[in-house]
Protein chains: 2
Amino acid sequence: MTMTESRPALDRLLSPRSIAMVGASNARTRIGGSVFANLLRAFPGEVHPIHPKDEVVQGRPAFRSVAHLPEPVDMAVVAVPAAAVVDVVAECAARGIGGATVITSGFAETGAEGRELQDRLTEVARTTGIRLIGPNCIGYMNAHDGVMANFMLTADEPLPIAGPVALVSQSGGFGSYITHKAILAGLRLGWFVSTGNEADVNVAGVLRHLVERPEVGVLLSFIETLRDPEVFIATARRAAELDKPMVLLKAGRSEEAARAAMSHTASIVGSATVLDAVCRQYGVIVAQTMEELLDLGTIFQDGRRARGPRTIVMTASGGAGVLLADEARHAGLSVPVLPEEEQRDLAAKMPVPFYGSTGNPVDTTAQTTAMPGAYRQVLMSVAGSPSADMLAAVTWATPGPANDAIVEMYQTTDRPVAILSTAWTEQFQAAGVPTYTDPRRAMAALGALAAYSARGPLPPDPAAFVPDAARVREARELIAAAAPQTVLLESTGKRVLARYGIPVTREELVHDAEAAVEAAARVGGPVALKVMSYRLPHKSDAGAIRLGLAGAEEVRAGYRDMLAEVAARAPEAVVEGVLVQQMVPARLELTCGVQRDPVFGPMVAVGLGGVLVEVLAEAALLRPPFDAATAEKALGGLLGGRLLHGRRGLSEPERRAVAEIMVRLGELALELDEVAEIDVNPLRVADGRVCAADALIVVRHG
Amino acid sequence: MTMTESRPALDRLLSPRSIAMVGASNARTRIGGSVFANLLRAFPGEVHPIHPKDEVVQGRPAFRSVAHLPEPVDMAVVAVPAAAVVDVVAECAARGIGGATVITSGFAETGAEGRELQDRLTEVARTTGIRLIGPNCIGYMNAHDGVMANFMLTADEPLPIAGPVALVSQSGGFGSYITHKAILAGLRLGWFVSTGNEADVNVAGVLRHLVERPEVGVLLSFIETLRDPEVFIATARRAAELDKPMVLLKAGRSEEAARAAMSHTASIVGSATVLDAVCRQYGVIVAQTMEELLDLGTIFQDGRRARGPRTIVMTASGGAGVLLADEARHAGLSVPVLPEEEQRDLAAKMPVPFYGSTGNPVDTTAQTTAMPGAYRQVLMSVAGSPSADMLAAVTWATPGPANDAIVEMYQTTDRPVAILSTAWTEQFQAAGVPTYTDPRRAMAALGALAAYSARGPLPPDPAAFVPDAARVREARELIAAAAPQTVLLESTGKRVLARYGIPVTREELVHDAEAAVEAAARVGGPVALKVMSYRLPHKSDAGAIRLGLAGAEEVRAGYRDMLAEVAARAPEAVVEGVLVQQMVPARLELTCGVQRDPVFGPMVAVGLGGVLVEVLAEAALLRPPFDAATAEKALGGLLGGRLLHGRRGLSEPERRAVAEIMVRLGELALELDEVAEIDVNPLRVADGRVCAADALIVVRHG
């Protein structure tokens with residue numbers, strides 16, 4: 001279900017000034033007691049327990065029911081048995097409460113009956129305007145306002161240090177798990193929201209709300225299924241505008257995992273490949289692992305940005321320096337040799353004799369580390385080097401002057417810094433120093449930061465797309481004429497493509513041999529003949545194609561011979577005509593088309609075609625609308641960049657032409673809902689020109 | 001420098017019964033004091049300090065010099081200034097000491113002068129038979145014999161728990177770093193050896209020694225450059241034979257990193273791609289990151305093997321289950337749905353109502369975890385499931401009954417287990433439970449274990465390769481006839497290939513048009529004509545090629561026309577003859593050949609060819625000798641397996657033919673040292689047949 005913008009905002013739900021809890025309990029080992037104890041920890045406003053019998057819950061006077069509340073609080077936490085939830089939430093709405101956090105399980109995740117219960121809950125939200133988190137979640141934390149409406153931590157565990165990081169997780173249990181890890185890793189979590197079954201509010205909606213909050217600087221999310229693609233994309237654009245990185249971890253990528261996700265979230269899981277492509281298109285970083293999600297939160301939370309990719313690696317171990325330089329390269333960073341005067345400067349600060357290196361990696365050797373003054377001086381120098389944009393330094397977790405110097409350096413520079421340490425340390429966490437325990441992870445984080453810092457302009461707003469009524473009308477006429485057939489003839493399909501400005505082979509549809517001869521003369525050069533029939537999807541199997549016919553005689557003979565063969569091999573096929581088609585050369589064959597994803601709708605795909613189409617199943621995917629620059633960038637991601645930069649790859653004009661075709665296919669898919677699928681194969685590329693030589697379009701008739 | 005097998009073994013050096021230390025100091029903050037304090041910690045035999053002035057060092061009576069020692073100890077640690085090292089080591093050898101661990105820096109890593117000093121050290125080792133670790137290292141640890149001849153830990157840090165893991169690191173500093181991390185991660189290190197500049201003993205030699213030690217079960221190594229490829233390969237084969245996994249982390253993969261490695265180790269760095277390929281061929285696992293090296297040590301150290309890839313994932317969080325199932329798939333494992341009766345069994349142990357899943361991932365929900373008895377029962381059941389080979393379970397680092405149950409389960413099953421925890425815990429470390437902090441890392445470890453457990457038969461022993469004298473002689477005659485030319489004519493190159501049983505196009509070398517016509521008739525079908533000249537490397541640029549000539553007339557005309565064009569466009573080219581060549585069809589074009597790596601020698605490469613050769617630069621690499629089965633397996637790794645299993649990929653007979661060609665190219669490279677490079681491009685594949693259509697061979701004349 002898609003929530004429209006016209007519904008009440010999430011402020012009362014997520015930033016309440018007063019709270020009630022239905023199901024609050026005196027038994028702290030039970031969820032109702034654990035959540036209520038959390039609510040009491042830091043919230044400055046009123047927190048009212050609702051309890052049918054107990055007079056007092058954890059020291060607070062209790063009310064019999066929601067109706068008995070002295071005033072309509074902003075938010076109610078609901079932790080009562082599933083069967084009672086709908087009525088309780090309806091009561092909350094009736095009492096004027098703005099939002100409810102429904103912890104209770106036993107809804108859509110349990111089967112048909114639970115699904116029905118959940119639908120009723122959704123209906124209450126929709127009709128009354130109350131906004132809901134959950135059900136089947138562990139609640140949320142808004143640390144800035146002291147709201148601990150959750151059981152992700154127990155009341156005896158320390159509260160996280162509030163900071164700019166927001167984490168939104170569909171899964172409650174995993175959200176709790178990752179929150180524990182985030183705290184251990186020194187992440188400053190200001191917000192944690194688990195959305196559970198998403199009867200009302202979903203991950204995209206929470207992100208859309210949080211991106212506007214001034215205290216939020218980084219948006220992390222963990223999802224299994226994305227319910228609101230338009231809101232997600234709008235959030236991604238807004239986040240880029242506000243310079244707030246968004247990082248997403250997606251579960252349910254494999255078939256087996258998707259099976260598990262569908263069983264426990266009771267929702268359809270879209271294609272992970274499509275989600276990745278949409279994220280890439282709109283600047284959302286997709287984390288490959290849970291630790292990467294946290295690693296990126298760690299590098300982004302101090303808000304520093306990189307002026308470029310040049311990184312100094314400083315270490316007391318040559319071996320570690322080499323490994324970090326490897327990882328820098330792997331992450332798209334450079335480790336430039338420092339200019340001689342800078343090296344002389346550094347050398348002057350090192351002990352004598354000095355067996356390390358000042359080149360970069362700067363290898364101070366263990367001797368320097370053992371001399372605190374020297375180590376500090378070298379560290380401060382490299383942090384200020386005009387030849388670099390970022391700094392990575394290696395240390396041991398053991399406290400001492402070296403780590404003191406690192407903290408001082410971090411606090412006096414405004415450049416991005418990543419420290420590789422044997423373990424996380426309290427000292428670094430207290431000072432906010434981004435710390436990693438593996439060279440790859442440290443460099444990957446700096447690499448992501450450099451890429452984010454250098455991101456391009458905002459992609460166009462999908463909402464701004466305006467259809468072209470004239471071409472829509474003409475294309476619809478062509479499609480309607482084919483009804484009730486759902487697979488258009490090649491000749492029709494290419495007329496539709498041509499209407500959208502996509503270059504196709506010169507060709508004419510004819511109905512006898514002499515017309516074919518005349519058409520061939522107009523088309524020019526040797527031609528191909530193809531029988532057009534709704535019953536011949538595989539033309540070559542039925543002999544329904546002839547290639548390279550030159551001159552009237554060959555065309556005439558080929559025509560007759562072909563029709564005779566088709567009549568013999570596929571007598572049931574009704575021949576709608578014969579296509580006389582230009583033969584186009586190809587140095588490279590691409591395949592491109594449109595498919596519709598259940599979550600994100602139409603997606604334009606381009607990949608390598610021809611003989612190797614089965615061997616190499618890689619494609620660039622874009623969600624329309626997009627511009628030609630975006631399409632060219634996506635082409636650059638194909639085959640590790642070699643499609644553009646390989647010696648036999650696409651030339652400049654070819655690249656532009658392919659990008660333009662992608663843009664047009666996207667417009668077509670947006671304008672013509674009834675087009676279910678387009679497959680242009682091959683798209684022939686040679687000598688600066690690109691041309692659709694065959695095309696399959698599948699439509700639905702209204 | 002390659003150490004031959006005839007040199008003294010490493011037993012006295014690495015398992016000494018008595019030790020002396022030259023440079024032992026009373027100042028514990030200095031390296032000489034720190035290492036000596038370590039030596040005194042756990043060694044049961046005599047440890048003699050050598051000191052020119054002090055009577056007593058750290059409580060032990062000191063000797064004035066090596067010559068004053070009361071008996072020839074097995075091993076001496078040397079930590080004196082670089083200038084004194086050569087004399088000290090010579091004295092050690094003269095006194096009958098078996099080995100020396102040279103800590104001192106200031107050798108080859110510092111430039112030409114240091115390099116000379118190091119060469120003298122090598123010479124002392126070679127002439128006297130004393131074996132050396134270092135120089136420029138941090139020493140070694142043999143925990144089983146209580147030898148702490150190092151400063152990787154200080155004497156106030158706890159000793160590692162001795163166990164089956166051996167870690168050999170070229171880099172001392174990084175070795176120390178990784179050792180600290182290994183201890184934190186619960187790795188049971190029995191051996192740590194840093195080899196430093198490798199004046200005598202190198203990483204391969206230490207691994208060769210350790211693989212035979214009964215207490216060693218897992219061999220981890222960190223290298224920047226591999227000095228003894230034959231020993232390394234022999235060790236890899238021996239490790240596979242003894243069922244002892246070898247895992248290697250290589251630094252210096254990128255150009256920038258290689259620059260750093262060359263500067264601080266003063267050695268040539270071979271190609272990382274070639275090293276990867278050799279490791280794959282001989283069953284050595286290449287870790288991609290430092291943490292992966294440790295993760296694999298963690299999963300291998302208990303010696304458990306997997307009967308198969310079927311994994312049960314058990315979690316209290318649906319979201320974590322989905323992520324783990326993703327990662328299982330990513331790691332090549334399966335997460336099979338459990339049979340109904342097993343699911344019924346599990347369900348009976350769960351609380352009521354139960355909103356989790358018994359399917360797999362088994363989602364116990366937080367309710368079950370909160371009921372210790374139920375959690376333990378479910379855990380023990382899944383650990384004993386007949387439907388699985390391995391178990392992954394998720395927990396929080398907080399101590400409690402759930403973690404007690406995990407320890408009990410681990411100790412009662414003999415199956416591989418990986419626990420995903422928010423952090424490492426003392427309880428799990430004490431019990432040896434393999435623990436991971438990230439889903440990908442846990443599953444990657446289980447995946448590597450499953451792959452290792454299912455490894456195939458030992459690859460053939462390179463030492464058993466016997467050259468075929470007859471074909472060597474014939475090939476050498478062909479090569480000699482081309483002298484002084486170093487690039488053989490295509491016609492000559494293909495005769496060499498044919499002599500090795502590699503199928504080439506049917507072809508004849510002729511010298512006039514009429515001979516061409518006759519040859520074309522014998523070759524059959526349409527033919528190609530190619531001018532053979534040492535001065536025409538790019539035939540088509542000079543018009544020196546004609547394709548698809550059919551019949552006497554076309555051949556005759558083509559011949560004359562071609563020679564006229566060449567005479568006009570490349571008048572300086574001496575024409576050695578014209579090759580009349582069969583035209584062979586191609587559904588797929590491959591390119592294959594031989595190149596020589598500075599470290600590993602000849603390597604056979606096969607990759608995709610044709611128009612896309614520049615676009616797709618991926619190749620399978622094998623070090624000869626190898627058998628056809630190994631070659632077929634390598635082909636299976638190309639293009640993500642699609643070269644074999646794609647719809648248009650290689651058929652069964654084509655795959656066999658390509659594999660056979662690879663084997664033959666390998667034999668050729670081994671037998672003919674003078675062949676510097678072979679480039680067969682294209683290798684045409686169609687209809688079950690494979691044929692070399694062009695070939696370039698570069699030779700050196702003796």
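Me: Which residues cover the two faces of β15(B)?
Reply: In this predicted model, where local features need pLDDT of at least 70, side-chain atom pairs count only at pLDDT 80 or more and totals for chains, interfaces and linings use all residues, strand β15 spans residues 311-315 of chain B, strands being DSSP runs (E, at least two residues) numbered from the N terminus. Five of its five residues are buried, meaning under 20% relative accessible area with a 1.4 Å probe and protein chains only. One side carries B:Thr311, B:Val313 and B:Thr315, and the other B:Ile312 and B:Met314.

Me: Which residue is the bridge partner of B:Met314 in β17(B)?
Reply: Residues are numbered from 1 along each chain as its sequence is written, and chains are lettered from A in the order in which they are written. β15(B) pairs in the parallel sense with β17 (residues 390-395) of chain B over four bridges, where pairing requires that DSSP finds at least two bridges between two strands. Two bridges also join β15(B) to the parallel strand β16 (residues 362-363) of chain B, where B:Met314 is partnered by B:Val362. In β17(B), the partner of B:Met314 is B:Ala393.

Me: Which strands stand at the edges of the open sheet of five strands in chain B?
Reply: This sheet has parallel pairing and the order β2-β1-β5-β6-β7. Each edge strand has a single partner strand, so one side of each is left without a neighbour in the sheet; the edge strands of chain B are β2 (46-50) and β7 (131-133).

Me: Which residue of β2(B) is the bridge partner of B:Val22?
Reply: Strand β1 (residues 18-22) of chain B pairs with β2(B) in the parallel sense over five bridges. In β2(B), B:Val22 has as its bridge partner B:Ile50.

Technical notes:
Side-chain values use heavy atoms; hydrogens and water are left out. Buried means under 20% relative accessible area, exposed over 50%, partly exposed in between (1.4 Å probe, protein chains only).
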